[in-house]
Amino acid sequence: MEAEGLDWLLVPLHRLASWGAAGAMVFGGVVPYIPQYRDIRRTQNAEGFSVYVCLVLLVANILRILFWFGRRFESPLLWQSVVMISTMLLMLKLCTEVRVANELNIKRRSFADFDPHHFWHWSSFADYVQCVLAFTGVAGYVTYLSIDSALFVETLGFLAVFTEAMLGVPQLYRNHCHRSTEGMSIKMVLMWTSGDAFKTAYFLLNGAPLQFSVCGLLQVLVDLAILAQAYAFARHPQKPAPHATHPASAKAL
């Protein structure tokens, strides 16, 4: 009887908690990029951030949206992809403008050159947009032709979440090559870790497709590896080599 009397309070609280979790899923994924975005604007140096992180997230979220047409999942996950794509385009725009401003004497490169050696290292933000639109068009057309195949749809879903699970790998590789995490926002990685842990728990509790949960766990492990790099490189900083090039001229991934 007493439990029934509390329904008027528990039901709205449960609904509010559900809305809060959904809102965190939609917008929580972009929060880690706010400190990195602000650092790049403040220093006018994007060398510490790997723009391949943007590539990974753009591909992963485009594939996830296409997967939704074959197998419907939670709406917050769909909207999260839309918000993330917009955020990654903003990050790319800033990084491109800053890099081009610091490389005045470098030959201009474009997507239309089709030069694999300079893929994802173009001189104009419009080239990145062209590449994203081309990939979306091709992937969308293939999905349209194969949407009735359960095997294709499940493979598409796996590729989407597996690609997203590799999010931190470009940053991990960049840090390893430079033996440093200078220019990388530690706040961003900490937010990655907490966000990915929350996201994985959300997948498990809401019965999301198995691919989401497995790759979410993998993503947390990659985040922890990057944090381990930051700790190790801070304890044992690399000694500057004689006649070293100025850090601003180094090419980050």
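Which residues in helix 3 meet which residues in helix 5?

Modeller: The model is predicted: local features require pLDDT of at least 70 and side-chain atom pairs count only at pLDDT 80 or more, whereas totals for chains, interfaces and linings use all residues. Residues are numbered from 1 along each chain as its sequence is written, and side-chain values use heavy atoms, with hydrogens and water left out.

From helix 3, Y33, Q36, Y37, I40 and R41 meet M84, T87, M88, L90, M91, L94, C95 and V98 of helix 5. Contact here means heavy atoms within 4.5 Å. Helices are DSSP runs of H or I with at least four residues, strands are runs of E with at least two, and both are numbered from the N terminus. By class, this contact has ten nonpolar, two polar and one charged residues. Ala, Val, Leu, Ile, Met, Phe, Trp, Tyr, Cys and Pro count as nonpolar, Asp, Glu, Lys and Arg as charged, and the others, Gly among them, as polar.

Two packed helices are described by the angle between their axes and the distance between the axes. The axes are lines fitted to C-alpha atoms, for helices over the stretch in contact, with angles from 0 to 180 degrees between N-to-C directions. For helix 3 (residues 33-43) and helix 5, the axes come within 10 Å and cross at roughly 15°. Helix 3 is therefore roughly parallel to helix 5. Angles under 35 degrees count as roughly parallel, over 145 as roughly antiparallel, 65 to 115 as roughly perpendicular and the rest as oblique. The crossing of helix 3 with helix 5 is left-handed, a term for a near helix turned anticlockwise from the far one by less than a right angle, clockwise being right-handed.

Helix 5 (residues 75-102) also packs with helix 4 (residues 52-70): their axes come within 9 Å and cross at roughly 150°. Helix 4 is therefore roughly antiparallel to helix 5. Helix 4 likewise passes helix 5 in a left-handed crossing. On the side of helix 4, the contact involves C54, L57, L58, N61, I62, R64, I65 and W68; in helix 5 it involves L77, L78, Q80, S81, V82, M84, I85, M88, L89, M91 and L92. These residues divide into 15 nonpolar, three polar and one charged. M84, M88 and M91 of helix 5 are among the residues that meet helix 3, and M84, M88 and M91 are also among those that meet helix 4.

Helix 7 (residues 150-165) contains T163. T163 touches V56, V59, A60 and L63, leaving aside residues up to four places away in sequence.

Of its 253 residues, 41% count as buried, that is, under 20% relative accessible area, with over 50% exposed and the range in between partly exposed (1.4 Å probe, protein chains only). Among contacts with a separation of 6 or more, 77% come from residues 24 or more positions apart.
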